[in-house]
Amino acid sequence: MTGERIVVGVDGSPSAGAALRWALDQARLTGAAVDALIAWEFPLFAAGGVLLPPQDPESAARRVLDAAVADAPRTGVEVRCHVEPGHPAQALVEAAEGAGLLVVGSRGRGTFKAALLGSVAAYCVQHAPCPVVVVRGR
């Protein structure tokens, strides 16, 4: 896998943090670069019966990604950060085109905490154009 790239999904969850650390460890072993990706959509909330988007979801996503990468041990690994609009599962599968590996956490920030595998991880396992590693968070 030398010279290839590893795509890893980041969303601020413990599981995504574990996935990022795993991807960085694998990159150190193989010489791959890491593309850390967070995707955002316009979540809408009700205000007086009107649906409104948040102030700036792209900036909020960038802050989450930057914090996750800053907290991860990345010595000797090239890390490229990407903030993409769209559904996380689709954004990760698209980003994984041409990658050697896609790494995702087993569960993200979804509301169904009892699930063994989150919807984004399940989608990536089924649709990614490369091997997928699913990392269980702690």
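Helices here are DSSP runs of H or I that hold at least four residues, numbered from the N terminus. Keep that in mind as you move through this predicted model.

**Stop 1: one turn of helix α1**

Select Asp25 and Arg28. Their side chains meet in a salt bridge, at 2.7 Å from N to O. Why do these two sit about one helical turn apart? Asp25 and Arg28 are three residues apart in helix α1, so about one helical turn separates them. Now check their surroundings. Asp25 counts as partly exposed because its relative accessibility is 41%. Arg28 has 35% relative accessibility, so Arg28 is partly exposed too.

Side chains of opposite charge can pair when their charged atoms come close.

**Stop 2**

Go to Ser13. Ser13 lies in the loop between β1 (5-9) and α1 (14-30). Is Ser13 buried or exposed? With 5% relative accessibility, Ser13 counts as buried. The cut-off for buried is under 20% relative accessible area. Next, show Ala16. The side chain of Ser13 reaches the backbone nitrogen of Ala16 at 3.1 Å.

**Stop 3**

Select Arg80 and Asp35. What do they form? Arg80 and Asp35 form a salt bridge, and the closest N and O atoms are 2.6 Å apart. This pair links distant parts of the chain. Arg80 is in strand β5 (residues 79-85), and Asp35 is in strand β2 (residues 33-40). The two are 45 residues apart.

Look at each partner in turn. Asp35 has a relative accessible area of 7%, so Asp35 is buried. Arg80, at 29% relative accessibility, counts as partly exposed.

**Stop 4: one turn of helix α2**

Now select Asp66 and Arg62. They form a salt bridge, with the closest N and O atoms 3.7 Å apart. The cut-off for a salt bridge is within 4 Å. Asp66 and Arg62 are four residues apart in helix α2, so about one helical turn lies between them. Asp66 is partly exposed, because its relative accessibility is 36%. Arg62 is partly exposed as well, at 33% relative accessibility.

How many salt bridges does the structure hold? The structure holds five.

**Stop 5: Ser59 and its contacts**

Stay in helix α2 and select Ser59. Ser59 has a relative accessible area of 29%, so Ser59 is partly exposed. The side chain of Ser59 makes a polar contact with the side chain of Asp56, at 2.5 Å. Ser59 and Val83 are 24 residues apart along the chain, and their C-alpha atoms are separated by 8.9 Å.

**Stop 6: a charged patch**

Keep Asp56 selected. What do Asp56, Glu58, Glu84 and Glu94 form? Together they form a negative surface patch.

Finish on Glu58. Glu58 lies in helix α2, which covers residues 57-71. At 40% relative accessibility, Glu58 counts as partly exposed. Partly exposed is the range between the buried cut-off, under 20%, and the exposed cut-off, over 50%.

Methods:
Residues numbered from 1 in each chain as written. Predicted model: local features only at pLDDT ≥ 70, side-chain atom pairs only at ≥ 80, totals over all residues. Heavy atoms only, no water. Buried < 20%, exposed > 50% of the residue type's maximum accessible area, 1.4 Å probe, protein only. Polar contact = N/O pair within 3.5 Å; in protein donor to acceptor, adjacent residues only side chain to side chain. Patch = residues over 30% accessible without salt bridge, like charges linked within 9 Å, V, L, I, M, F, W, Y side chains within 5 Å. Areas by Shrake-Rupley, 256 points an atom, 1.4 Å probe, with all protein chains shown as cover. Lys, Arg positive; Asp, Glu negative; His and termini not counted. Charge placed at Lys NZ, Arg CZ, Asp CG, Glu CD.
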